Amino acid sequence: MKKKCNFKWLVCIIGAVAAVTAAVTAFFFAREKKKKDEEQLEEYLDYSIQ
């Protein structure tokens, strides 16, 4: 029974690490996309003013 309990904890910890990693990766991708969109909008506005 002790081995099953340790295995459950190991699976829970690995799952939690995977979830945190996925959330951090999604956050960075979203931030990069937002930055890229803002740069494109800024460039478009600069060219449209001229």
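Guide: A disulfide is a pair of cysteine sulfur atoms within 2.5 Å, and that cut-off is the one to hold in mind as we read this predicted model.

Visitor: How many disulfides does the count come to by this rule?

Guide: The count comes to 0 disulfides. C5 takes part in none, since the nearest cysteine sulfur, that of C12, is 9.6 Å away.

Visitor: Which residue forms a salt bridge with D37?

Guide: The general idea is that side chains of opposite charge can pair when their charged atoms come close. In this structure D37 pairs with K33, and their closest N and O atoms are 3.2 Å apart; a search of the whole structure finds 1 salt bridge.

Visitor: Where do D37 and K33 lie?

Guide: Both lie in helix 1, 4 residues apart, which is about one turn of the helix. D37 is partly exposed, with a relative accessible area of 37%, whereas K33 counts as exposed at 53%.

Visitor: Which residues gather in a patch of negative charge on the surface?

Guide: The patch of negative charge is formed by E32, E38, E39, E42, E43 and D46. To take one of them, D46 has its place in helix 1, which covers residues 2–49, and D46 is partly exposed, with a relative accessible area of 40%.

Definitions and conventions. Residues are numbered from 1 along each chain as its sequence is written. This is a predicted model: local features need pLDDT of at least 70, side-chain atom pairs count only at pLDDT 80 or more; totals for chains, interfaces and linings use all residues. Side-chain values use heavy atoms; hydrogens and water are left out. Patches are made of residues with over 30% relative accessible area and no salt bridge: like charges are joined within 9 Å, nonpolar side chains (Val, Leu, Ile, Met, Phe, Trp, Tyr) within 5 Å. Accessible areas come from the Shrake-Rupley method with a 1.4 Å probe; for residues, only the protein chains shown count as cover. A salt bridge is a side-chain nitrogen of Lys or Arg within 4 Å of a carboxyl oxygen of Asp or Glu. Lys and Arg count as positive and Asp and Glu as negative; His and the chain ends are not counted. The place of a charge is taken as NZ of Lys, CZ of Arg, CG of Asp or CD of Glu. Helices (H or I, at least four residues) and strands (E, at least two) are DSSP runs, numbered from the N terminus. Buried means under 20% relative accessible area, exposed over 50%, partly exposed in between (1.4 Å probe, protein chains only).
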